[in-house]
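Here is a short tour to read with the model open beside you. Take your time and turn the view as you go.

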Amino acid sequence: MQKVAIYPGSFDPVTNGHIDIVKRGLKLFDKIIVAILHNPSKKSFFSVKERMEMLRESLKESGNTEIDTFQGLLVDYALLRKAHAILRGIRALSDFEYEFEMALMNRRLNREIQTVFLMTDLKWIFTSSSIIKEAARFGGDISDMVPPVVNRRIKEKFGFIT
Ligand code: PNS
């Protein structure tokens, strides 16, 4: 039986840190479904469609991955996709409380689905989607923190290139 993991998140936008987690996750799982939470009540920078396109382009050479979206409870989606695990990356200690709370709630909701955490590579410890947007907004160079497609799309969005 194939071991499938869901890697959920906002991915607004995808960073090199996310890509690193997918690549390392593929050493543990046969397939990773990268699932973007579609939350109409939360304002995002990139649309779901744009986020999917960037993920697709960034992961096109990364083995058995699929990009999808989900709404509602993550554990329900995991069940629907016949996944055995939820994959999440942890950077600093500050991520821990939020992740721990979420993992415990997911476990309460469905004990069959395991949350697996991978520590981020030291290189990406300060890389987050929000800090990247903040730097890019004022013309900061983020090219070594995101896939090339994201670097281009973010510059377009802020009007630095047309
Ligand atoms: O990249 P993010 O924003 O930290 O990802 C958060 C995400 C999408 C993993 C989380 O908000 C989520 O799973 N939302 C779906 C609703 C749900 O099942 N929440 C967890 C149990 S309360």
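Phe11 sits in the loop between β1 and α1; helices (H or I, at least four residues) and strands (E, at least two) are DSSP runs, numbered from the N terminus. This is a predicted model, in which local features need pLDDT of at least 70 and side-chain atom pairs count only at pLDDT 80 or more, while totals for chains, interfaces and linings use all residues. Residues are numbered from 1 along each chain as its sequence is written, and side-chain values use heavy atoms, with hydrogens and water left out.

Although Phe11 is not a glycine, its phi is positive, about 50°. Phe11 has a relative accessible area of 3% and is therefore buried (under 20% relative accessible area; exposed is over 50%, partly exposed in between, with a 1.4 Å probe and protein chains only). The loop between β1 (4-9) and α1 (16-25) also holds Pro13, and the peptide bond joining Asp12 and Pro13 is cis, with omega about 5°.

Lys82, also not a glycine, has a positive phi of about 55°. Its place is the loop between α3 (74-80) and β4 (85-90), and Lys82 counts as exposed because its relative accessibility is 68%.

## Around the ligand

The ligand is surrounded by 13 residues, the closest being Gly9, Ser10, Leu74, Arg88 and Tyr98 (near means a heavy atom within 4 Å).

| Residue | Distance to a ligand oxygen atom |
|---|---|
| Ser10 | 2.5 Å |
| Arg88 | 3.0 Å |
| Tyr98 | 3.4 Å |

## Helix α6 and its neighbours

Which residues of α6 (residues 148-157) are buried? They are Val149, Val150, Asn151 and Ile154. These buried residues pack against α2 (48-58) and α5 (129-137), where contact means heavy atoms within 4.5 Å.

The axes of α2 and α6 come within 9 Å and cross at roughly 150°. Axes are lines fitted to C-alpha atoms, for helices over the stretch in contact, and angles run from 0 to 180 degrees between N-to-C directions. The crossing therefore makes α2 roughly antiparallel to α6, a label for angles over 145 degrees.

On the α2 side, Glu50, Glu53, Met54, Glu57 and Ser58 meet Val149, Val150, Arg153 and Lys157 of α6. After α6 comes Gly159, with a positive phi near 80°.

Terms used: Parallel < 35°, antiparallel > 145°, perpendicular 65-115°, else oblique. Polar contact = N/O pair within 3.5 Å; in protein donor to acceptor, adjacent residues only side chain to side chain.
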